[in-house]
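Please look over the structure shown below before reading on.

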Amino acid sequence: MKRIFSIISLLVMVLIPTITSANIINKLNETGKFTKLNETLTKSGLNKNLEGDGPFTVFAPLDDAFAAISAQTYYGLLREENKQKLVNILGRHVFSKKITSSEIDGEIKLKAINGEEIKIKKVNGIVYINEAEVVTADIEASNGVIHFINRVLQPLN
């Protein structure tokens, strides 16, 4: 019995850190639902930031969310001369603090890493960021949290 307990304890110590130690970029890659987001993060260079210590909160548009953007616009954003525009768009989705859905009560406004003030609200238990709905909340990463959203965030003017 003591030997079985020792083996189980050893397995827990070995496996648990690998389960929880993935950073935000690794978590996004693991799901297979963020190929477009990962491509844009890499092209913009923001992927390196999101591999850092954090804490970060990322409102991550699913691949389906990018379908609402024309291919011409999407591939245009990947061009080197549009890098700053891409950084600004992606910066709207990232915050330099950890924000879980349970912390959102009513409506709050926070500054994203691009300097824009973003509105986050909870209505009938559903979290919205600007015009996008959080479809999956609170995916933990070693350096923050990810929320899956159904739209790429546009500026609210």
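How many aromatic pairs does the structure hold? There are four of them, where rings of Phe, Tyr and Trp (its six-membered ring) pair if their centres lie within 6.5 Å, with planes under 30 degrees apart counted as stacked, over 60 as edge-to-face and the rest as tilted. This is a predicted model, in which local features need pLDDT of at least 70 and side-chain atom pairs count only at pLDDT 80 or more, while totals for chains, interfaces and linings use all residues. Residues are numbered from 1 along each chain as its sequence is written, and side-chain values use heavy atoms, with hydrogens and water left out.

**Aromatic cluster**
- The rings of Phe66 and Tyr74 have centres 5.8 Å apart and planes at 75°, so this pair is edge-to-face.
- Tyr74 and Tyr75 also form an edge-to-face pair, because their ring centres are 5.0 Å apart and their planes stand at 85°; ring pairs thus link Phe66, Tyr74 and Tyr75 into a cluster.
- Tyr74 is buried at 4% relative accessibility, whereas Tyr75 is partly exposed at 45% (buried means under 20% relative accessible area, exposed over 50% and partly exposed in between, with a 1.4 Å probe and protein chains only).

**Helix 3**
- In helix 3 (residues 35–44), the residues Leu37, Asn38, Thr40, Leu41 and Ser44 are buried; helices (H or I, at least four residues) and strands (E, at least two) are DSSP runs, numbered from the N terminus.
- Seen down the axis of helix 3, these buried residues fall within an arc of 165°, so they line one face of the helix; the arc is that of the directions from the helix axis to the C-beta atoms.
- Thr35 and Thr42, on the other side of helix 3, are exposed, and just after the helix Gly45 takes a positive phi of about 90°.

- Leaving aside neighbours within four places in sequence, Leu41 is in contact (heavy atoms within 4.5 Å) with Ile25, Leu28, Leu46, Asn47, Leu50 and Leu90.
- Asn47, in helix 4 (residues 46–50), is buried with a relative accessible area of 10%.
- The largest nonpolar core has 26 residues, and Leu41 is among those that touch the most other members; such a core is a set of buried Ala, Val, Leu, Ile, Met, Phe, Trp, Tyr and Cys residues joined through side-chain atoms within 4.5 Å.
- Apart from this core lies another, of 14 residues, including Phe59 and Phe95.
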